[in-house]
Amino acid sequence: MTKGKTLRIRHTTHYSFESPISYGLQQVRMSPRDDQNQCVMSWNIKIDGAVKELEFDDHHKNNVQLFSFDRSSTDIEVVCEGIVQTGDNSGVIGKHREPTPLWLFEHVTQETTAGNAVRSLIKEVKQGHDLERLHTLSELIRTRITYRRDDHYFERKADEIIQDGFGVCQDHAHVFIAAARHLGYPCRYVSGYLLLDDTDEQEAMHAWVEAHIDNLGWVGFDISNGISPDNRYVKVATGLNYREAAPITGTRVGGGHEQLRVAIEVAQQ
């Protein structure tokens, strides 16, 4: 790794329920792992109001921890914190090393279907070197889809996002994935953390993508910021779409109305 930074991260997620929970399970994908661009020095996950049942790596090599809610809980708090050293390889991660076959990352999901709007966008990506074409695609998406921090529509398909003309980083990622896969590039969704220039405090994790290029391997693209990930980024989880890389997913019985509060701090050590 080159041009390294040491980043300190603290991520708190607090759920409040209007009535006691009868039953609940949560899958937590919030543990970064070592790769060519980062080294995890320390990391810890603590959950109040729940019990850890199981820990495993899924088919994307994401660390997954399964927690069951304490009976009669009305508050659940998940606190993740640690220190990660990062490097800058201009977004290049390198060859595919996971057991999951590359062809899986050409699989179309509901959110990443290339309909008429995506195919129309692709026509503007001219022939040329693979890396150049993908950077052009990233810039086209950033130009056509205005970033709005407070918009969260995870159920929208790529075509709907283009037609609406606005979205968040998750939306940018889904449109890029739909287009890249249609062009024949294996592509995956990435969730993680980003060190911002103007503040240490954030309200949500960041999202970007990685596309696989022959003879180069996986390369990252942050469409929302128009760059490839550098030493300000910490990768946490990957998947075919947001759902497979989401920090917390699960189910519950009881509890009634839910209130969610998220606080993230990413600072240079």
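A residue is called buried when its relative accessible area is under 20%, exposed when it is over 50%, and partly exposed in between (1.4 Å probe, protein chains only). This is a predicted model, in which local features need pLDDT of at least 70 and side-chain atom pairs count only at pLDDT 80 or more, while totals for chains, interfaces and linings use all residues. Residues are numbered from 1 along each chain as its sequence is written, and side-chain values use heavy atoms, with hydrogens and water left out.

Let's begin with the core. A nonpolar core is a set of buried Ala, Val, Leu, Ile, Met, Phe, Trp, Tyr and Cys residues joined through side-chain atoms within 4.5 Å. The largest one has 61 residues, and Leu134, Leu137, Phe176 and Tyr193 touch the most other members. Helix H4 (residues 169–182) gives the largest share of this core, eight residues. Helices (H or I, at least four residues) and strands (E, at least two) are DSSP runs, numbered from the N terminus. Setting aside neighbours within four places in sequence, Leu134 is in contact (heavy atoms within 4.5 Å) with Phe176, Ala180, Tyr185, Ala211, Ile213 and Phe221. Another core, of five residues, lies apart from the largest one and includes Leu104, Phe105, Trp218 and Leu240.

Next comes Glu98, found in the loop between strand S7 (92–94) and helix H1 (116–122). Glu98 is buried, with a relative accessible area of 16%. Not counting residues up to four places away in sequence, Glu98 touches Arg33, Lys61, Arg188 and Trp218. The table gives two of its polar contacts, each a pair of N or O atoms within 3.5 Å; within protein, one must be able to donate a hydrogen and the other to accept it, and residues adjacent in sequence count only if both atoms are side-chain atoms.

| Side chains joined | Polar contact |
|---|---|
| Glu98 and Arg33 | 3.4 Å |
| Glu98 and His96 | 3.3 Å |

How many disulfides does the structure hold? It holds zero, where a disulfide is a pair of cysteine sulfur atoms within 2.5 Å. The sulfur of Cys39 is 18 Å from the closest cysteine sulfur, in Cys80, which is too far for a bond. Cys187 is in no disulfide either, as the nearest cysteine sulfur, that of Cys169, is 15 Å away. Cys187 is buried, with a relative accessible area of 0%, whereas Cys39 is partly exposed at 26%.
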